[in-house]
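Let's take a walk through this structure together.

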Amino acid sequence: MWSKRVKLGLAALLMAGVLAGCGQTEKNNAGGNEGAAKKEETYSGTIALAGSTALQPLAEEAANAFMEKYPDVSITVQGGGSGTGVNQVAAGAVQIGNSDVPAAEKLDDKSKASELVDHKVAGIAFAIVVNNDVKVDNLTTKQIQDIFSGKIKNWKEVGGNDEAIHVINRPASSGTRATFEKTIMKGVKVDDSIGTVQDSNGAVEQAISSTPGAVSYVAMSYLIGEKKNLKTVKIDGAEPTVENIRTEKYPFWSYEYMITKGEAKEEVRAFIDFVKSEEFAPTVKKMGYIPMTELE
Amino acid sequence: MQQMHTKRRNRWLEEYIGRTFAVISGWLIVLITVTMIIFLAVKGIQSFTDSGLSLSDMLLSAQWDPNGTPPKYGALIFIVGSMLVSLGALLISAPIALALAIFMNFIAPKWFVSLLKPVLELLVGIPSVVYGWLGVTILVPLLREWFGGSGFSLLAGIIVLSMMILPTITSIAADALANVPMAYMEASYGLGSTRWQAISRVIVPAAKAGIATGVVLGLARAFGEALAVQMVIGNTIKLPSGLDSPTATLTSVLTMDMANTINGTPWNNALWTLALILLLISFFFIAVIRLVGPRKER
């Protein structure tokens, strides 16, 4: 245990030294010192998380890393959907509710919402995806609105081949769908009587790759690695990169939230800070999310 | 003396521990069921008491748009969708199941029956997610090739469901046929009937209560099935325009939206009401079984 900490400390020092050599002396040294200071503290207790399936993989990874760092802390992560996350944390059943949207947007009862605190822990980008046979690489926001509201029904109307468009939606309660409506549809009504509905990112991915002419939207974290038979489409000429999101060229993204009730306990606070930290950022990025360090 | 005492104690244990456990189990299951029904009823009527939705709108309107302004909670699409997919499955399954039951009882050689029975049991044991998965990967692309469109459709749901309820109906119908006294068969032979005449005009009518029970049980299972149907039916919020058109069912909208809505919101309450409707329809089926089922011998 002790030797591990020493090793970590050494590694941190080494990193700081290397980075200092790159000429960004002040900033990185500060970061290194802060990291070292934090390692002095130790936490214990149990933390339960539940909610958003979009955030779940990241939360699990963070839990494992955090428990390795502080073996006295035990963390469990469950899915269930953003609604479950808000419900459970409001009821006090879990310490952290994971959600794709701020608690206030889900709750009708605003007095309940005031007890809950939203913490932005990462960004998540979404992509418009189509079946591989669609010969379109770029869509304007207007074109996407027209497709999902049922005005455009054939790919040739947006410069593609003569093929019927098959729209695949997420259910109206889904967080991904909410982000899609907020950032892309912008008040234009999604026509739920066209196309089909799949209830998870995975099911959408499967349906897109097997249905010719299909179009839908999925979280980038589901598009890590080689995907057969489906491709992402640029929105207004912009690819879903961190750079484009930061410069506001790419609109289709949102924050992921960890919601706590009232003042969070020390270990809960530490865990949320850890998810947002510089230390955990590379993992966040590797898993297809956007670290908070790159968004602020 | 000491030995006697322990013996008596053992007997007491045997007599009462087992009995107590049995009684507790009996009451527990009644308690759980009643609590669940009460819970569902209380939750289900909140749509009308707390959220101010109207029952007639809910049952008769096909406008389901909980995110809209104003939100609309008409569940007609789901009720119709559930009805169509279950009845459709029954239409395919019931005749095949009856034929299978006749085949097993009167036509097939013994060795084949001993093959058929475990096969049917296996069919019951396959989890619904597997049926759904096979439906998505094999059936849906096939239907897409034949009928165009996306392949996710009412027909896909009907076919998957009919596979799932076939063994249920078959085994109950087969039992019902087997329970018809041999004397009936012999009597009709005695009157000069052929084997098929005896089966179709004497045995099957004599077993019709048991067969009907199997059919209603199959219908109830089809109605409550969620996962497999949800995977292949497309879940589009519209009344189906044909067999090749996607639609949604009570169970599919429940599984899709339940986890993402918040307790106490009208949307969540409306979903509880859908669950209550589902339960009431199941009760209706159970009542039907009680009515048509074989009467106890007096």
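This is a predicted model: local features need pLDDT of at least 70, side-chain atom pairs count only at pLDDT 80 or more; totals for chains, interfaces and linings use all residues.

Is β8(A) enclosed or open? Six of its six residues are buried, so β8(A) is largely enclosed by the rest of the structure. You can check this face by face: A:A214, A:S216 and A:V218 are buried on one side, while A:V215, A:Y217 and A:A219 are buried on the other.

Now look at the strands beside it. β4(A) pairs with β8(A) in the antiparallel sense, over five bridges. To find a spot in that pairing, pick out A:F126, whose bridge partner in β8(A) is A:A219. β6(A) also pairs with β8(A), but in the parallel sense and over two bridges. Here A:V167 has A:V215 of β8(A) as its bridge partner.

Next comes a helix. In α7 of chain A, which runs over residues 141–148, you'll find A:Q143, A:I144, A:I147 and A:F148 buried. Why do these four belong on the same side of α7(A)? Because they cover an arc of only 125 degrees around the axis. Just past the end of α7(A), A:G150 takes a positive phi of about 90 degrees.

In soluble globular proteins, nonpolar side chains tend to be buried together. The largest nonpolar core here has 73 residues, and those touching the most other members are A:A122, A:I124, A:F126, A:A127, A:I128 and A:V218. β4(A) supplies the largest share, ten residues. The core also draws on both domain 1 and domain 2 of chain A, with at least three residues from each. A second, separate core holds 66 residues, including B:A97, B:L154, B:L161 and B:V253.

That brings us to chain B. Its domain assignment gives domain 1 (2–44) and domain 2 (64–292). The C-alpha centres of these two domains of chain B lie 35 Å apart. Where they meet, the contact takes four residues from domain 1 of chain B and five residues from domain 2 of chain B.

Still in chain B, find B:A75 in the loop between β2 and α3. With 24 other C-beta atoms within 10 Å, B:A75 is buried. Not counting residues up to four places away in sequence, B:A75 touches B:M58, B:L59, B:W64, B:L274 and B:I277.

Finally, turn to the place where the chains meet. How many residues does each chain bring to the contact? There are 23 residues from chain B and 25 residues from chain A. On the side of chain B, α5 and α11 are the elements that give two or more residues. α11(B) gives the most, with three residues. By class, that side of chain B has nine nonpolar, twelve polar and two charged residues.

Notes: Residues are numbered from 1 along each chain as its sequence is written. Chains are lettered from A and ligands numbered from 1 in the order in which they are written. Two residues are in contact if their C-beta atoms, placed from the backbone, lie within 7 Å. Ala, Val, Leu, Ile, Met, Phe, Trp, Tyr, Cys and Pro count as nonpolar, Asp, Glu, Lys and Arg as charged, and the others, Gly among them, as polar. A residue is buried if 20 or more other C-beta atoms lie within 10 Å of its own, exposed if 12 or fewer, and partly exposed in between; C-beta atoms are placed from the backbone. The arc is that of the directions from the helix axis to the C-beta atoms. Domain bounds come from an automatic or database domain assignment. A nonpolar core is a set of buried Ala, Val, Leu, Ile, Met, Phe, Trp, Tyr and Cys residues joined through C-beta atoms within 7 Å. Two strands pair if DSSP finds at least two bridges between them.
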